Amino acid sequence: MQSAMAYRVYVSGILLLYFTTEAQMVISRQSEEITCYTCKPKENNDECNKIAIDVPCPKGTEFCQSMHRMDVETGASVYMHKFCAKPINCTEETVGCKEMDAGGLKLVECVSCCDESYCNRWAPTNHTNAILQSSNPANSSPTLTSRSSLFVLLLCCILSSLHTSIHLPWIGQ
């Protein structure tokens with residue numbers, strides 16, 4: 001009886017497994033502690049790392065974030081800040097490099113986020129390393145994940161309604 005039920009919801013079952021797996025990954029990731037290089041703003045990466053505090057991040061902060069500002073003309077570091085960050089602060093929209101004006105001084109600010117302990121040792125300096133680096137697929141792109149989940153849920157409903165209205169011999173009874 002149980003195998004028959006598994007076959008009857010085969011298509012939906014795989015899709016529902018997708019949601020279950022995703023939820024388990026998020027729950028297991030939240031239960032893990034992450035330790036980041038953390039420092040109050042300093043002039044450069046070396047100064048920051050010298051005084052970096054080695055303490056696990058508080059609950060709800062799943063990323064290590066680095067914010068690095070450099071003088072556009074000289075390339076010299078003028079600001080480095082590292083801290084534990086919440087997922088909302090580490091998205092594809094919040095990482096990267098952008099130019100800014102600081103009282104007449106032209107700066108470029110590069111922000112990177114990563115989700116493994118001590119992954120923020122280096123300072124982001126350009127578009128190739130000012131990125132969102134995630135070992136957890138649930139963290140890599142929240143917007144895409146929610147859209148994908150909605151699509152999969154919709155597809156699940158459509159396929160379930162098709163299955164109940166017509167007989168599909170390859171799915172089974």
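Because the model is predicted, local features require pLDDT of at least 70 and side-chain atom pairs count only at pLDDT 80 or more, while totals for chains, interfaces and linings use all residues. Residues are numbered from 1 along each chain as its sequence is written, and side-chain values use heavy atoms, with hydrogens and water left out.

## Disulfides

The structure contains six disulfides, a disulfide being a pair of cysteine sulfur atoms within 2.5 Å. With bonded cysteines counted along the chain, the pairing pattern is 1-5, 2-3, 4-6, 7-10, 8-9, 11-12. Three of these links, C39 with C48, C57 with C84 and C97 with C110, are listed below.

| Disulfide | S to S distance | Torsion about the S-S bond | Handedness |
|---|---|---|---|
| C39 and C48 | 1.7 Å | about -95° | left-handed |
| C57 and C84 | 1.9 Å | -70° | left-handed |
| C97 and C110 | 2.1 Å | about 110° | right-handed |

Burial is described by relative accessible area: buried means under 20%, exposed over 50%, and partly exposed in between, computed with a 1.4 Å probe on protein chains only. C39 counts as buried because its relative accessibility is 6%.

For the second pair in the table, secondary structure gives the context. Helices (H or I, at least four residues) and strands (E, at least two) are DSSP runs, numbered from the N terminus. The sulfur atoms of C57 and C84 lie 1.9 Å apart. C57 belongs to the loop between α3 (45-51) and β2 (63-71), whereas C84 sits in strand β3 (residues 77-85), so this pair ties together parts that are 27 residues apart in sequence. Both C57 and C84 are buried.

C97 and C110 are joined by a disulfide with their sulfur atoms 2.1 Å apart. Since C97 lies in strand β4 (residues 96-102) and C110 in strand β5 (residues 105-114), the link ties together parts that are 13 residues apart in sequence. C97 is buried, as is C110.

## N129

N129 is located in the loop between β5 and β6 (132-133). Its relative accessibility is 32%, which means that N129 counts as partly exposed. Along the chain, N129 and C97 are 32 residues apart, and their C-alpha atoms are separated by 9.5 Å.

When neighbours within four places in sequence are set aside, N129 is in contact (heavy atoms within 4.5 Å) with S112, A123 and P124. The side chain of N129 also has a polar atom 2.8 Å from the backbone nitrogen of T125. The backbone nitrogen of N126 lies 3.0 Å from a polar atom of the N129 side chain.

## D115

D115 is likewise found in the loop between β5 and β6. D115 has a relative accessible area of 2% and is therefore buried.

Its side chain makes a polar contact of 2.9 Å with the side chain of S134. A polar contact is a pair of N or O atoms within 3.5 Å; within protein, one atom must be able to donate a hydrogen and the other to accept it, and residues adjacent in sequence count only if both atoms are side-chain atoms. The side chain of D115 additionally reaches the backbone nitrogen of S135 at 2.9 Å.
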